[in-house]
Amino acid sequence: MRRIILMVIRNILLVPFMWFKLCYHASHVDKYTEEEHYKMIKFIDRRANKGGNVHIDIHGLENIPKENGFMFFPNHQGLYDVLAILEACPVPFSVVAKKEVSEIPFLKQVFACMRAYMLDREDVRQALKIINNVAGEVEKGRNYLIFPEGTRSKNGNRIGEFKGGSFKSATKSKCPIVPVALIDSFKPFDTKSISHVTVQVHFLKPMYYDDYKGMKTTEIAALVHDRIQDTINKYE
């Protein structure tokens, strides 16, 4: 909370205008292209990060597929995770997030602009529908992000178990799977400090369909988990 207040104070002259613009975009999603939404969100994100003493250290941009229609699978450290990847990633993507964050101010508007899906983990039928919808959209060229842990690890840079079901949209769409390693992404919003912090975002080499077509989703999950944890162990 302290860092969010710092972000607001240091951008106080810009905040009213950008808040209005963000809310307008969120209320008129179909009026703008995905690229226009993304450009606006990235501008706000960069200004907030600068004001909040957050630096994003980006690695592996060359690993992001040149053609759209892929999925990011990062470890999940905290509420700041999507904002870190937003600044780091040059191409638009959407998100599958748990419904509990859908009413958090700012994140609510950002997810609306991204046309994100809000997942009710207690509703199996809704989850299956989202899996199918995401797979269909990825096949048509949209990019998505799913946290395969399902919830924040709350163990700093130690990641939790990755759930095989998180990869069903990828296997259905036969799309590239891009593991993303987040380091210290829990520090901006999940600690009380407002001192300078560097969050590392590592885009790892993608797994294409030919690389995983003979694997079970649980096997894919374990492989992606280990690649991310190995990267964190190397760079933290």
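Colleague: What is the relative accessible area of Tyr24, and how should I read it?

Modeller: Relative accessible area sorts residues into buried (under 20%), exposed (over 50%) and partly exposed in between, using a 1.4 Å probe and protein chains only. Tyr24 has a value of 27%, so Tyr24 is partly exposed. Phe20 has 55% and therefore counts as exposed. Before we go on, keep in mind that this is a predicted model: local features need pLDDT of at least 70, side-chain atom pairs count only at pLDDT 80 or more, and totals for chains, interfaces and linings use all residues. Residues are numbered from 1 along each chain as its sequence is written, and side-chain values use heavy atoms, with hydrogens and water left out.

Colleague: How many aromatic pairs does the structure hold?

Modeller: Rings of Phe, Tyr and Trp (its six-membered ring) pair if their centres lie within 6.5 Å; planes under 30 degrees apart count as stacked, over 60 as edge-to-face and the rest as tilted. There are ten such pairs here. One of them joins Phe20 and Tyr24, a stacked pair at 6.2 Å centre to centre with 25° between the planes. Both residues sit in helix 2 (residues 15–27), four residues apart, or about one turn of the helix. Another stacked pair is formed by Phe73 and Phe167, at 4.2 Å centre to centre and 20° between the planes.

Colleague: Where in the chain do Phe73 and Phe167 lie?

Modeller: Helices (H or I, at least four residues) and strands (E, at least two) are DSSP runs, numbered from the N terminus. Phe73 is in strand 2 (residues 71–74), while Phe167 is in the loop between strand 5 (144–146) and helix 7 (168–173); the pair links distant parts of the chain, 94 residues apart. Phe73 is buried, at 0% relative accessible area, and Phe167 is buried, at 0% as well. Elsewhere, ring pairs connect Tyr38, Phe70, Phe72, Phe93 and Phe203 into a cluster.

Colleague: Which residues touch the most other members of the largest nonpolar core?

Modeller: A nonpolar core is a set of buried Ala, Val, Leu, Ile, Met, Phe, Trp, Tyr and Cys residues joined through side-chain atoms within 4.5 Å. In soluble globular proteins, nonpolar side chains tend to be buried together. The largest core here has 42 residues, and Phe72 and Phe93 touch the most other members. Elements that each supply at least two residues include helix 2, helix 3 (34–51), helix 4 (81–88) and strand 3 (94–98). Helix 4 gives the largest share, six residues. Apart from this core lies another, of 25 residues, among them Tyr117, Ala181, Ile220 and Ile228.

Colleague: Which residues of helix 10 are buried?

Modeller: They are Ile220, Ala221, Val224, His225, Ile228, Gln229, Thr231 and Ile232. Seen down the axis of helix 10, they fall within an arc of 155°, so they line one face of the helix; the arc is that of the directions from the helix axis to the C-beta atoms. The face turned away from the buried side carries the exposed residues Asp230 and Lys234. On the buried side, the packing partners are strand 2, helix 7, strand 6, strand 7 and helix 9 (209–212).

Colleague: Which residues does His225 touch?

Modeller: Contact means heavy atoms within 4.5 Å. Leaving out residues up to four places away in sequence, His225 touches Ile159, Gly160, Glu161 and Phe162. His225 lies in helix 10 (residues 217–235), and at 17% relative accessibility His225 counts as buried.

Colleague: What does the side chain of Ser94 reach at 2.6 Å?

Modeller: A polar contact is a pair of N or O atoms within 3.5 Å; within protein, one must be able to donate a hydrogen and the other to accept it, and residues adjacent in sequence count only if both atoms are side-chain atoms. The Ser94 side chain reaches the backbone oxygen of Met114 at 2.6 Å and the backbone oxygen of Arg115 at 3.2 Å. Ser94 lies in strand 3 and is buried, with 0% relative accessible area.

Colleague: Where is Ser185 found?

Modeller: Ser185 is in the loop between strand 6 and helix 8 (187–190). Ser185 is buried, with a relative accessible area of 0%. The side chains of Ser185 and Asp81 are joined by a polar contact of 2.6 Å.
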